[in-house]
Protein chains: 4
Amino acid sequence: MSSKSHPEIKVGILGATGTVGQRFIQLLANHPYFKIHALGASSRSAGQQYSKITKWKLNTTIPEFVQKMVVQECKPDAEGFADCGVVFSGLDADVAGDIEEAFRSANLIVYSNAKSYRRDPLCPLIVPLVNPSHLDIIPHQRSSLSLSKGYIVTNANCSTTGLVVPLAALEKAFGPLETVMVTTLQAISGAGYPGVSSLDILDNVVPHIGGEEEKIEWETNKILGGLKSSNKEFDLHATEQTKPINVSATCTRVPVIDGHTGVVSVKFTQNPPPSIEQIDKAFREFTCEAQDLGVPSAPAQAIVVHDAPDRPQPRLDRDLHNGACVSVGRIRDCPVFDVKFVCLIDNVRLGAATSSIMNAEIAVEKGYIQ
Amino acid sequence: MSSKSHPEIKVGILGATGTVGQRFIQLLANHPYFKIHALGASSRSAGQQYSKITKWKLNTTIPEFVQKMVVQECKPDAEGFADCGVVFSGLDADVAGDIEEAFRSANLIVYSNAKSYRRDPLCPLIVPLVNPSHLDIIPHQRSSLSLSKGYIVTNANCSTTGLVVPLAALEKAFGPLETVMVTTLQAISGAGYPGVSSLDILDNVVPHIGGEEEKIEWETNKILGGLKSSNKEFDLHATEQTKPINVSATCTRVPVIDGHTGVVSVKFTQNPPPSIEQIDKAFREFTCEAQDLGVPSAPAQAIVVHDAPDRPQPRLDRDLHNGACVSVGRIRDCPVFDVKFVCLIDNVRLGAATSSIMNAEIAVEKGYIQ
Amino acid sequence: MSSKSHPEIKVGILGATGTVGQRFIQLLANHPYFKIHALGASSRSAGQQYSKITKWKLNTTIPEFVQKMVVQECKPDAEGFADCGVVFSGLDADVAGDIEEAFRSANLIVYSNAKSYRRDPLCPLIVPLVNPSHLDIIPHQRSSLSLSKGYIVTNANCSTTGLVVPLAALEKAFGPLETVMVTTLQAISGAGYPGVSSLDILDNVVPHIGGEEEKIEWETNKILGGLKSSNKEFDLHATEQTKPINVSATCTRVPVIDGHTGVVSVKFTQNPPPSIEQIDKAFREFTCEAQDLGVPSAPAQAIVVHDAPDRPQPRLDRDLHNGACVSVGRIRDCPVFDVKFVCLIDNVRLGAATSSIMNAEIAVEKGYIQ
Amino acid sequence: MSSKSHPEIKVGILGATGTVGQRFIQLLANHPYFKIHALGASSRSAGQQYSKITKWKLNTTIPEFVQKMVVQECKPDAEGFADCGVVFSGLDADVAGDIEEAFRSANLIVYSNAKSYRRDPLCPLIVPLVNPSHLDIIPHQRSSLSLSKGYIVTNANCSTTGLVVPLAALEKAFGPLETVMVTTLQAISGAGYPGVSSLDILDNVVPHIGGEEEKIEWETNKILGGLKSSNKEFDLHATEQTKPINVSATCTRVPVIDGHTGVVSVKFTQNPPPSIEQIDKAFREFTCEAQDLGVPSAPAQAIVVHDAPDRPQPRLDRDLHNGACVSVGRIRDCPVFDVKFVCLIDNVRLGAATSSIMNAEIAVEKGYIQ
């Protein structure tokens, strides 16, 4: 853990009444240096007390000082946002693009959970346990837009995040991957509130989540890629020499509240591939920059490997390390590719709010937030 | 449908009080020519009325004439079994082997849902919509064991059955498959009663079902294989010239009552592979011998193709064609193999009792049951 | 069952794309004399094929002839409605009042599942297994509004219906009741689609359903009441001499798809009260006018009494008699009142669409629909 | 909170591998003065490491020092128990009676969650937020059995506990109650593991829990009663002058993991009864001896009153105050009795392990454990 102490940094939260916004509030309420300062929501909520207009759906109570905070419109000149060192966005995809752009144009710093800028060649798409080095494109983003301070950083789709952490561990230990096949079993909280109708999911599986498979198949290569030496362009996957990983995803919704499960098969480019024991060891020994920097939200262990043959399970394992790690289990030979395993991520913490926060914590260490 | 009328054939049911046994009773109660004649269960149930000792878990009532039937021990000389033209077995794996062998040795005909004899080189492993031609090994089974009449036929594991029907349609249209990757999301009823504890599955996924993956990976090749010309030996997969399909399976349990979902990716040997349109058409046009013979339990359609992007779903689609068909949807390109799709089977009907019954109906048409 | 055969009667369905509307279609598709002729939905659906705009959520397929029917606006002069002998309304409460009134004003007959006219002193509120005699106010309703043919009949709230059938059996056998205490455990389908968010109900109970308790407490007395001899006014509860039943209800939502459970305690006015055996017998022997008339949707048994100590259960018992009966179990002494029992109703069949249809069938027999 | 610091007290746990035993371990792992010293389980588990034989079902990991503890048989002379200042019992009812008696006979102190001694006229039945004064019968229990130290204290059934805390608040403020009607909606964890089969509870309600209603109806009066002045006998309900409360309970099982909901109607003896506002205030202001003594497991608030009309809800509210309080909501007029409300208890914490522990903490303060 970091021994450094930081001066307080005021933060804003966009989409504060929504599912991800509530998690931001829950996770930031006792943060060592980020202080919740401004809450943004839709114009019909603006001007009202947070507790009056929010259908709070977490099993902790609304932090007392937040209950009475007055919600603002999601505009950069609404009260409070101009003072914020960073603004976290939990906005829905349909409005995130324009609002986040407005905040950036106003020279504010946005760490977003929305998908709008993930494919933008100027915006880093960061899974904090994997590729915080991509933050180094920020100066280029600023200068391209003639901004002295404002920029946007995005984190990945929740199920991409759960997949890419173990993939990063494998690439770190054994070099580039060739092929990844993944089936996800995703929790209802991933769809927000009210989100999935109970009539659609009780005693049921919905084998389709709009746009999700494309996100996994595309985002994986941006995240596992590098920055070219100029710090002005991303490499899709790893290095300038590596071919993209061939990713095939099928996404399903299951009656689980929190926690996305992934069933994964992987083929390495290395031939012969590593043994199951080597792979198991690589997962267990994986450490990342967030841990080295000792940022407050970094988990003690990035990947928790489960020995029991029927783990990880969402209900039992999603809370490990406060939802900030990825669980892996059932590591075994694949008759078709090299290795099969099961992974699990808390989709609302590391899969959403925790990633944004940890990304910002790392940016503080690197001087991109002050 | 068959225009033939058959004389009544008395049938016995082993494991009559269990989950599969209850389905046998429900499905056979109004059968045109199979008549429930003897019910077998554990020795502590023997001698008692069926309705008194059975925790009936179906949403139809116990057929009236069955309620008062006296349950027998599962012994071939227990009252009634000797008169049966066929005995259906819904026994648990731990006792099925010995009991079924005893019935066969007593020259009785057993159609079994248990796994005990699936890998036996003398026993056909039949999915009725796929490979009833394997019944032709019956004379060899009988003569090998010096039996004039008795033999055992097995049907496949429930999730294998749901997978192998669409695979058979693809092979019929496009020749041998090379590779199949499948993830299953299986219903709790597949584990019997009491089976899965509610504490293990509410708000949860269990990513492991003991022995299930091996069954899928092995059974697929026996079912899709042929009989050598001697009618005395099975070919693993298709023809004497074909290599086994490389199958990789991961099996998970989800909070669904009935209906196993499969997420499938397939690579053909044919190069270039068929187009998505051709594949869609092959599924829709697939017909099978059970339909040609017009046996009573054959579905009007063997494979139902769903156009909606979020189907099939277990709760909405498991009852189609009285649970005797396989649903297929989301047929689309796979970035890694040739095609991806989702399939669904009613695990307790076509995946269990309906298969045994339909196999026996086909055997009646072929003269293997009289 | 009725030996009478009826000429075909064309019927319309308002709110045809909704949860109750889908049930109307499913239940009427094979009706002996009601023929689906016109479908009404919101103006943005009007003009389109039914199957194109409907999120069909039942586990049977849309009847083939309905799939291609063109949906109309819910206006009496929209194509087809003028020809209908009866129009069934599955409209949402917020629009039902005005639309149903417009249809009645156009001299059409409306059998409504909505709450809008339940408390109207001119409108019968009919549970078909209980009080079809209230139809006799129809002539008064017509004359009050100077209509030659048009009128509105409503059926009760789904949980009221499940309660009032056993209460009617008790009053029929033992005279007026004094007090009823009821707690309901209601299914999600009662809230329509999308209705209850899965995040609100998975692993949860919601101990409140807006307006539901008031409906039970009020409707019970109108239904169990009579018509004054003039056939122009309702008596609240039973006879001109009887005091209203004192009803206290608490309504909760539970993670059940279909089937409302009621936990009931009752105090009789008769002192000493009947014995448990007498009460049990009264439930079993209860018959009603719908059965005497032999209308097509009448259940063979109005009340099914369960002997098993843990029944009725929604998943196992909601389908009894095609969802047209009420199940009762756990009949036993109450330490506080006279008797406690548990009741169960299929909220989307007898609790909604089946009641409207059966009411209309009875009205046909009585000459109120021609 | 207590300012006193206590010397360490070694504790044993009987039934340590079961559902309640796991909660004892989770809750005691970081206790300020109780130190887990001995674990007892069935003879086939004895001699093995705890983590090897336990199907741990909590979403926290097994405390590290417990993982390697060797499990003992549940015998007072098994290693470690003799040193324990108190032994907590989470044993199943079928074995608890004999084992707890053996421990007491060996002069050990047992705080039991089992039902065996709840009705014993020598044993206190204590809900720690309600009647710790009943501990004062301990000297009489000891002397009756000629024991210098050993005794048994029981805590109440989980659903009784959730009911009796708000009832105690009402009696404290408004005097004796006359009548209580309660319907419970109980979580699956109340039945232990494997407990409720998933096939019995998914998409279902089971309206019966064996023996549960009798426990609520009987235990309530012992708990709300007093000790006669001799400290040698219990008064059923309140004082020597008060009649027992007339309690009627119906217990149902619902698909909820943790948290029992109670729907309650109450009649006071006081006439006129208190107003809803007075009742609301009485709940909010209720405090208890456990809080006055400042024992470590006492909640900051004994009763949390919810203002939202749809609360308390098990999933959202069971974790309040670490599961050690009772939630109350929907306080309103009852048309039949005086007031209706909904209550919620975490059945595995305050409803089980937390009660035993808090009882023991109070006993430490009172000198009954040293």
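These legends describe close-up views of a predicted model. In this predicted model, local features need pLDDT of at least 70 and side-chain atom pairs count only at pLDDT 80 or more, while totals for chains, interfaces and linings use all residues. Residues are numbered from 1 along each chain as written, chains are lettered from A in the order written, and side-chain values use heavy atoms, without hydrogens and water.

**View 1. Helices α6 and α8 of chain D cross.** The axes of α6(D) (residues 158–174) and α8(D) (residues 212–223) come within 9 Å and cross at roughly 40°. The crossing is right-handed.

**View 2. Residues meet between α6(D) and α8(D).** Among them, D:Leu163, D:Val164 and D:Leu167 belong to α6(D), and D:Ile216, D:Thr220 and D:Ile223 to α8(D); contact means heavy atoms within 4.5 Å. By class, this contact has six nonpolar, three polar and three charged residues.

**View 3. Chain A is in contact with chain B.** The contact involves 47 residues of chain A and 47 residues of chain B. The two chains bury about 3,600 Å² between them, 57% of it on carbon and sulfur atoms; this is accessible area (1.4 Å probe) lost on being put together, summed over both. In chain A, A:Asp203, A:Pro207 and A:Arg315 lose the most area to chain B, together 17% of what that side buries.

**View 4. A salt bridge joins A:Glu213 and B:Arg330.** Their closest N and O atoms are 2.6 Å apart. Between chain A and chain B the count is eight salt bridges, each a side-chain nitrogen of Lys or Arg within 4 Å of a carboxyl oxygen of Asp or Glu.

Definitions and conventions. Axes fitted to C-alpha atoms, helices over the stretch in contact; angles between N-to-C directions. Helix = DSSP H or I, 4+ residues; strand = E, 2+ residues; numbered from the N terminus. Left-handed = near helix turned anticlockwise from the far one by under 90°. Nonpolar A, V, L, I, M, F, W, Y, C, P; charged D, E, K, R; others polar.
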